[in-house]
Amino acid sequence: MGKTMAQKIISAHLVEGEMKPGCEVGLRIDQTLTQDATGTMAYLEYEAMGIPRVKTELSVAYVDHNTLQNGFMNADDHAFLRTITKKIGVRYARPGCGICHQVHLERFAVPGKTLIGSDSHTPTAGGIGMLAIGSGGLDVAVAMGGGTYFIPYPKSVRINLSGKLPAFVGAKDVILEVLRLLSVKGGVGRIIEYAGEGVKALSVPQRATITNMGAELGATTSLFPSDEATRQFLAAQGRADDYTELSADADAVYDEEYSIDLSNLVPLAACPHSPDAVREVSALGDIPVDQVCIGSCTNSSLADLMAVAAILKGKTVAPSVSLTISPGSRQVLEMLSENGALADILASGARLLECACGPCIGMGQSPPSGGVSLRTFNRNFEGRSGTADGQIYLVSPEVAAASALTGKITDPRGLPAIPTFKMPEHFAINDNMIDLPANEAEYQSVEIKRGPNIQPLPVAKPLPDSLRLPVLLKVGDNITTDHIMPAGAKILPYRSNIPHLSQYCFEGVDPEFPDRAKRSDNGGFIVGGQNYGQGSSREHAALVPLYLGIRAVLAVSFARIHKANLVNAGLLPLEFERAEDEKKVRQGDTLILTGIHEGLTSGRVELKNETNGESLRLVCSISPRQADIIRAGGLLNYTREKALAQ
């Protein structure tokens with residue numbers, strides 16, 4: 001039996017475990033990336049392990065999230081990142097260099113290699129044939145130290161693409177169609193692979209758009225083949241030697257298969273407030289638009305912005321619309337400037353933002369109250385934009401540009417034809433904004449700069465065999481990490497300051513939760529529904545509840561990265577054996593968990609609801625290694641103990 005693309009890469013990097021369903025596999029990691037919103041914590045964790053220099057082939061730290069320097073916090077954290085990376089052997093991409101996933105795709109991603117990043121959209125590099133996985137910062141820190149990265153062995157899904165995209169239909173419409181087909185839970189525990197004749201008609205940036213939003217499916221990662229288009233892209237980036245062919249064997253077996261004819265796709269939009277609430281643009285009607293934001297790691301490539309420039313050329317943005325453009329990298333901005341497309345964009349009335357995440361992470365450009373904002377981004381969770389009642393639609397650059405001109409949601413297929421973009425034979429290459437680390441002879445003399453915003457890491461308490469604690473918060477299905485630990489300009493600057501950050505935990509769900517948790521002497525539980533913790537990889541969604549005294553999270557099911565982050569923090573993730581049992585627990589109930597130590601091994605924990613008398617069973621679905629991590633009080637302690645035992 002042949003192998004899928006993912007199976008080929010996994011088998012070549014397998015350190016521990018068996019490639020069988022239900023098993024956990026440990027992988028050797030070639031590359032890591034961090035960004036500044038999660039990176040400060042990751043490097044504090046790395047530092048706590050006491051390993052002088054990183055052991056990966058390549059590690060890069062990007063500054064692309066916290067670039068709005070309102071106060072000392074972000075600038076101080078950037079100084080910390082710049083100096084600690086220089087000391088430990090990590091490249092540092094300065095503010096203004098670009099969005100981590102776009103820059104990494106351009107300059108560092110390698111087919112057939114492994115990459116983990118402290119950002120859930122790390123699978124963007126799957127568009128170039130790299131096994132790229134989003135993870136918590138502590139997992140990245142361990143990998144930088146030469147440690148193994150573990151995931152549950154995933155199922156394989158093949159999506160066969162045929163045909164060719166029609167005019168004004170883009171890669172964003174492909175992934176929105178996949179989300180309509182599979183939903184935000186459809187990729188959980190799976191790796192999505194794209195194949196078929198339709199793949200040949202997609203450029204690497206288009207493929208990267210599709211793999212980027214595989215994160216919204218809940219997928220472990222997504223992969224495209226490494227083929228002639230990949231070779232040409234790498235050669236144009238001056239990286240021809242990085243090319244390796246990668247494809248699935250003809251007799252590879254997949255757990256699930258789907259087919260999409262690209263020729264039949266139409267412009268689509270994800271409606272408020274979920275990436276899988278997908279409808280055809282033509283069916284939405286004349287909805288007035290207040291704001292259009294084009295950019296993010298999903299749709300900020302040169303090809304994307306050339307299409308936008310062609311649509312805007314010679315026209316003016318509607319008076320009611322604020323249009324912003326965020327190029328994905330300095331390379332993209334430089335090439336737009338040189339070929340005149342940037343002038344066409346600016347002449348239309350668009351506002352040029354820096355090469356950074358910006359509005360996508362809630363860092364500025366919040367829409368007006370109740371305003372409709374069309375965004376080429378990857379997430380439209382309620383409140384993520386910074387406006388609680390903002391109505392956020394996810395669309396392609398073509399739909400975004402057309403709608404900016406008309407002032408209403410517009411199907412671009414009614415526009416005059418625009419030139420077909422041809423991928424350049426040579427990209428503008430200038431890596432002078434990516435600082436190299438100190439060499440072996442110099443690194444010990446590097447002084448690490450620490451501002452007052454950097455506070456100590458919270459530490460998990462030893463886990464007793466039984467817990468009698470209140471339910472401090474009860475939430476529903478599809479709770480995102482944005483719900484748990486919001487982003488935005490007000491909160492992101494405190495990502496290295498857990499005590500300060502804690503006052504915002506679940507702010508949009510129950511603003512009284514932090515104070516209630518702090519008043520509970522011995523801590524308590526959080527209870528949730530299906531797909532708890534979907535969205536970002538931010539480990540702060542585990543570390544802040546830990547700081548607030550949460551000892552376990554009980555849910556119907558968990559998103560992969562968040563579940564791993566809970567374990568890494570030393571928090572117990574437990575699932576209801578029967579989904580309907582979640583309704584038998586209410587906020588304020590006192591729960592008694594018994595047989596916890598045995599349950600780490602057996603996979604079963606007993607729950608008695610002391611308030612209503614119900615007896616329920618919980619599933620402790622973690623690996624033996626994760627059970628040891630819980631016993632040790634988190635991955636940091638576990639890693640230290642293993643190092644001392646060697």
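Which helices each supply at least two residues of the lining of the largest pocket? The second legend below answers this. The structure is a predicted model: local features need pLDDT of at least 70, side-chain atom pairs count only at pLDDT 80 or more, and totals for chains, interfaces and linings use all residues. Residues are numbered from 1 along each chain as its sequence is written, and side-chain values use heavy atoms, with hydrogens and water left out.

**View 1. The largest nonpolar core.** This core holds 101 residues. A nonpolar core is a set of buried Ala, Val, Leu, Ile, Met, Phe, Trp, Tyr and Cys residues joined through side-chain atoms within 4.5 Å. Buried means under 20% relative accessible area, exposed over 50%, and partly exposed in between (1.4 Å probe, protein chains only). Y43, L131, F506, F513, Y532, L554 and L572 touch the most other members. Helix α5 (residues 137-144) gives the most to this core, six residues. Helices (H or I, at least four residues) and strands (E, at least two) are DSSP runs, numbered from the N terminus. Apart from this core lies another, of 61 residues, with F233, L312, L336 and A404 among them. In soluble globular proteins, nonpolar side chains tend to be buried together. Y43 touches T34, V60, A61, F80, L81, I84, T85, I88, V90 and M144, leaving out residues up to four places away in sequence. Contact here means heavy atoms within 4.5 Å.

View 2. Pockets are found on a 1 Å grid over the protein atoms alone: a pocket is an open set of points, where a 1.4 Å probe fits, with protein on both sides within 12 Å along at least five of seven lines, and lining residues have an atom within 4 Å of a point. Grid points are joined across faces, edges and corners, and a volume is the space filled by probe spheres set on the points. The lining has 47 residues, and Q206, A303, T420, F421 and K422 lie nearest the centre. Helices α6 (171-182), α7 (204-212), α8 (228-236), α9 (302-312), α11 (341-347) and α12 (397-406) each supply at least two lining residues. The largest share, six residues, comes from α9. By class, the lining has 27 nonpolar, eleven polar and nine charged residues. Ala, Val, Leu, Ile, Met, Phe, Trp, Tyr, Cys and Pro count as nonpolar, Asp, Glu, Lys and Arg as charged, and the others, Gly among them, as polar.

**View 3. The second largest pocket.** About 890 Å³ of space lies here. Of its 37 lining residues, P152, G189, R560, K563 and S621 lie nearest the centre. β8 (149-152), α17 (560-569) and α19 (624-632) each supply at least two. α17 gives the largest share, five residues. The lining divides into 15 nonpolar, 13 polar and nine charged residues.

**View 4. Helix α19 and the residue after it.** R625, Q626, A627, I629, I630 and A632 are buried in α19. Just after α19, G633 takes a positive phi of about 85°.

**View 5. A402 in helix α12.** A402 lies in α12. At 1% relative accessibility, A402 is buried. L312 is 90 residues away from A402 in sequence, yet 7.9 Å away in space, C-alpha to C-alpha. Neighbours within four places in sequence aside, A402 is in contact with I311, T410, P412 and L415.

**View 6. Strands β3 and β4.** β3 (residues 31-35) runs parallel to β4, joined by five bridges. Two strands pair if DSSP finds at least two bridges between them. T32 has S59 of β4 as its bridge partner. In β4 (residues 58-62), five of five residues are buried. L58, V60 and Y62 point one way from β4, and S59 and A61 the other way.

**View 7. Backbone exceptions in loops.** Most residues other than glycine have a negative phi, and most peptide bonds are trans. F168, in the loop between β9 (155-162) and α6, has a positive phi near 65°. F168 is buried, with a relative accessible area of 9%. S183, in the loop between α6 and β10 (190-195), has a positive phi near 80°. S183 counts as partly exposed, at 23% relative accessibility. A cis peptide bond joins P272 and H273, with omega about 0°. H273 lies in the loop between β13 (268-270) and β14 (278-280).
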